[in-house]
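Hi,

Here is the model I said I'd pass on. Have a look at it first, and then read my notes below.

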Amino acid sequence: SRVELYACRTCGAHVRFPRYNNPRTLLRTRRGRCGEWANAFTLFCRALGFTARYVLDFTDHVWTEVWSEGRGRWLHADPC
């Protein structure tokens with residue numbers, strides 16, 4: 001997995017932030033960014049029988065959208 005280094009703009013502290021592409025690891029560590037949480041949330045939605053998709057935009061933000069038959073459109077479901 002990849003590791004990012006986060007630098008706080010206020011105090012200057014540096015924190016190593018591992019990135020996981022495995023929902024089990026995310027749930028065990030409870031540390032993740034939008035991509036990890038959206039990955040796990042999309043998995044759960046699909047496991048429950050919902051049509052769900054993983055969306056990435058140009059700002060590098062990731063979220064889940066769930067299809068609503070009743071509304072006939074995708075519903076934004078941001079896990080962050």
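β1 and β2 make a hairpin with six residues between them, and Gly-12 in the turn has a positive phi of about 85°. Strands here are DSSP runs of E, at least two residues long, and helices are runs of H or I of at least four, both numbered from the N terminus. One of the partners to check is Glu-4, which bridges to Phe-17 in β2.

Before you go on, a word on the source: this is a predicted model, so local features need pLDDT of at least 70 and side-chain atom pairs count only at pLDDT 80 or more, while totals for chains, interfaces and linings use all residues. Residues are numbered from 1 along each chain as its sequence is written, and side-chain values use heavy atoms, with hydrogens and water left out.

The whole chain has two helices and five strands, in the order β-β-α-α-β-β-β along the sequence. Its radius of gyration is 15 Å, whereas a compact globule of 80 residues would be near 12 Å (taken over C-alpha atoms; the globule rule is 2.2 Å times the number of residues to the power 0.38). Along the principal axes, the C-alpha atoms fill a box of roughly 50 × 25 × 15 Å. Of the 80 residues, 26% count as buried, meaning under 20% relative accessible area, with exposed being over 50% and partly exposed in between (1.4 Å probe, protein chains only). Among contacts with a separation of 6 or more, 13% come from residues 24 or more positions apart; a contact is heavy atoms within 4.5 Å.

Last, take a look at Glu-36 in helix α2 (residues 34-47). Is Glu-36 buried or exposed? Buried, at 4% relative accessibility. Apart from neighbours within four places in sequence, Glu-36 is in contact with Arg-19, Tyr-20 and Leu-26.

Cheers

Note on methods: Two strands pair if DSSP finds at least two bridges between them.
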